[in-house]
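I am opening my notebook to record, step by step, what I looked up in this structure. I will go from the whole chain to single residues.

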Amino acid sequence: QAAGFGGSWQDLKCHGFIAHREQQGLEHRESFLQRLRIELHLLVGRGEDRLLFDYQTALAERLGFSPIPTRRASEQLMQEYYRTAKSISQLNTILLQNMGTAIFPPTEQIPQAINERFQNTHQLLDVTDEEVFNKKPAAILEAFLVMQQHSELKGMTARTIRALWRARPLIDDTFRNDPQNKACFVELFKQPRGVLHELRRMNQFDILGLYLPNFGAIVGQMQHDLFHVYTVDEHILMVVRNLRRFAVPAFNHEYPLMSQIIGRMDKPELLYLAGLFHDIAKGRGGDHSVLGTQDARQFCESHGLPPADVEVVVWLVRQHLTMSTVAQKEDIYDPEVIARFAQQVGTPERLAALYLLTVADIRGTSPKVWNAWKGKLLEDLYRATLRVLGGRAPDAAAEIEARKREALILLALSALPHEAHKRLWETLDLSYFMRHEAPDIAWHTRHLSRHVGAPAPIVRARLSLAGEGLEVLVYAPDQADLFARICGYFDRAGFSILDARIHTTTNGYALDTFQVITPSMPNHYRELTHMVENDLAQALASDAPLPEPRRKRMSRRVQSF
């Protein structure tokens with residue numbers, strides 16, 4: 001309005017900023033958002049402009065959405081909302097860049113030719129002709145490849161974005177089946193830089209979803225569960241982002257082991273393709289891992305990947321949940337579990353790829369899902385399986401002896417008297433030594449060797465060796481409801497229990513260890529450890545009845561499940 005361009009979509013069309021089709025699209029999307037806002041106000045009974053989780057189901061029903069076998073009504077509503085917002089955001093980008101160019105014309109500069117279709121104008125990718133995509137549709141994908149290959153380019157000019165936006169209808173079956181386009185798309189994943197940025201840009205312009213229709217189906221699709229906080233397409237791109245960070249030297253300090261592993265991979269692009277397809281079948285009903293496997297195989301074979309590479313991508317998509325399930329739901333210190341998982345994985349190369357994809361997937365689910373303890377479980381599972389795949393069959397006796405020797409060395413360094421460990425170790429069975437590593441065994445022995453058979457409960461706490469939370473040791477005469485009392489204390493004190501290892505010694509004592517975290521872990525953790533040691537010991541020494549579970553206020557999200 002200030003620049004004299006008018007105050008309606010019709011005015012903007014008359015000034016040449018948007019086409020007739022874009023004007024219609026904007027009017028339709030504005031109408032949808034207005035109706036959504038009005039219905040939300042009527043539903044809540046006040047001026048509420050937040051589309052909170054607990055309003056979405058009722059709002060979806062008011063707007064005519066109904067549940068189907070594969071998706072809730074609320075998920076359908078939110079997909080429509082996210083797609084509308086995404087489309088408006090993209091049109092805004094085009095509109096504002098065009099207006100900016102009209103109000104502040106750029107200074108004249110001789111463009112630097114990149115090839116016959118593209119040029120560098122003010123460090124932005126510019127088309128040599130606005131009809132370039134209509135004349136040569138293959139240039140649509142080439143534009144993103146050029147962005148990857150020329151680090152001096154900081155973005156795209158307004159007319160390039162506008163031309164790309166308007167060229168989207170050219171992406172049809174003929175375009176997808178063109179060998180040149182297939183080769184160009186695969187080449188995007190092989191570039192040393194810009195893989196994630198250009199995938200995001202392609203998704204922003206709807207080009208990724210048009211080239212891969214199965215990906216287009218999950219754009220804006222919400223996953224209404226307790227873990228995922230992103231739409232499916234955003235989650236997939238977050239997973240690719242995490243995989244790329246493993247490969248970029250600037251981020252080696254974040255996850256050194258991941259960086260080492262991916263640095264040894266000959267074809268990391270196979271990992272990125274697996275990340276792109278691992279959740280692509282969400283919302284179709286059935287097992288998304290199985291359905292995604294079919295999509296991945298069809299894509300890889302049609303794009304000319306060698307058979308061995310096809311099998312790697314397909315296997316990763318099929319098994320992308322396996323490693324996290326084994327690490328978090330099975331006893332990874334049981335040799336049989338490791339042997340079975342190693343047989344399922346088959347080769348060190350597949351194990352490495354699955355490990356990287358698993359970590360990237362969990363970290364891309366929600367900022368709150370990943371923690372140091374999950375990282376330790378996955379790393380322990382990876383290292384134990386790698387030893388088995390390397391030909392070192394699990395030898396429980398040898399492993400226990402090695403742990404005992406290492407624990408004795410650590411005890412000697414802490415000045416524990418010679419053979420002071422024997423009294424405690426004589427009461428422990430093999431399962432104890434199999435499920436604890438040498439530093440843990442040494443820590444337990446140092447604190448309990450003088451208290452074997454003591455009538456009062458012994459509680460010790462320290463910062464977890466996993467790097468997050470506390471590790472708590474409980475040694476007490478075995479009694480009814482002991483485990484319930486311990487868990488009840490942690491519940492009342494505001495701790496979450498990540499892991500519990502329960503042992504009963506041969507002389508009738510419970511030797512239990514817990515990994516716990518609290519949302520407000522203080523910087524000065526010593527006060528917290530002292531509090532746990534004193535208060536938990538008193539709770540266990542008390543003969544009072546078990547306390548009632550704490551009635552915590554449930555979040556809106558949890559209430560909806």
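The entries below follow the order in which I looked things up.

**Entry 1: the whole chain.** I began by noting that this is a predicted model, and I keep that in mind for every entry. I found 28 helices and eight strands in the secondary structure of the protein chain. The C-alpha trace spans about 90 × 60 × 45 Å along its principal axes, and 48% of the 561 residues count as buried.

**Entry 2: helix pairs.** I reminded myself that two packed helices are described by the angle between their axes and the distance between the axes. For helix α17 (residues 307-318) and helix α20 (residues 348-363), I noted that the axes come within 10 Å and cross at roughly 45°. The two helices, α17 and α20, are therefore oblique to each other, and their crossing is right-handed. I then turned to helix α26 (residues 482-492) and helix α27 (residues 525-541), which pack at an angle of about 135° with their axes 10 Å apart. That angle makes α26 oblique to α27, and I wrote down that the crossing of α26 and α27 is right-handed.

**Entry 3: salt bridges.** How many salt bridges does the count come to? I noted 33 salt bridges, and I followed some of them individually. The side chains of Glu 22 and Arg 166 meet in a salt bridge, at 3.2 Å from N to O. Because Glu 22 lies in helix α2 (residues 20-44) and Arg 166 in helix α7 (residues 158-166), the pair ties together parts that are 144 residues apart in sequence. Is Glu 22 buried or exposed? At 5% relative accessibility, Glu 22 counts as buried, whereas Arg 166 is partly exposed, with a relative accessible area of 31%.

I came back to helix α17 for the next pair. Asp 309 forms a salt bridge with Lys 267, and their closest N and O atoms are 2.7 Å apart. Asp 309 lies in helix α17 and Lys 267 in the loop between α14 (256-263) and α15 (268-277), so this pair ties together parts that are 42 residues apart in sequence. Asp 309 counts as buried, at 11% relative accessibility, while Lys 267 is partly exposed, at 34%.

Helix α17 also holds Glu 311, whose partner Arg 297 is in helix α16 (residues 288-302), so here the parts tied together are 14 residues apart in sequence. The closest N and O atoms of Glu 311 and Arg 297 are 2.9 Å apart. Glu 311 counts as partly exposed, at 34% relative accessibility, and Arg 297 is partly exposed too, at 27%. I also noted that salt bridges with shared partners join Arg 35, Glu 39 and Arg 62 into one network.

**Entry 4: backbone and surface.** I looked up Gln 123, a residue other than glycine with a positive phi near 60°, and found Gln 123 in the loop between β2 (118-121) and β3 (124-127). Asp 206 is not a glycine either, although its phi is positive at about 70°, and Asp 206 lies in the loop between α10 (195-204) and α11 (207-211). Last, I noted a nonpolar patch on the surface, formed by Ile 409, Leu 410 and Leu 413, with about 310 Å² of accessible area together. Ile 409 is found in helix α22 (residues 396-413) and is exposed, with a relative accessible area of 53%.

Definitions and conventions. Residues are numbered from 1 along each chain as its sequence is written. This is a predicted model: local features need pLDDT of at least 70, side-chain atom pairs count only at pLDDT 80 or more; totals for chains, interfaces and linings use all residues. Side-chain values use heavy atoms; hydrogens and water are left out. Patches are made of residues with over 30% relative accessible area and no salt bridge: like charges are joined within 9 Å, nonpolar side chains (Val, Leu, Ile, Met, Phe, Trp, Tyr) within 5 Å. Accessible areas come from the Shrake-Rupley method with a 1.4 Å probe; for residues, only the protein chains shown count as cover. A salt bridge is a side-chain nitrogen of Lys or Arg within 4 Å of a carboxyl oxygen of Asp or Glu. Helices (H or I, at least four residues) and strands (E, at least two) are DSSP runs, numbered from the N terminus. Buried means under 20% relative accessible area, exposed over 50%, partly exposed in between (1.4 Å probe, protein chains only). Axes are lines fitted to C-alpha atoms, for helices over the stretch in contact, and angles run from 0 to 180 degrees between N-to-C directions. Angles under 35 degrees count as roughly parallel, over 145 as roughly antiparallel, 65 to 115 as roughly perpendicular and the rest as oblique. A crossing is left-handed if the near helix is turned anticlockwise from the far one by less than a right angle, and right-handed if clockwise.
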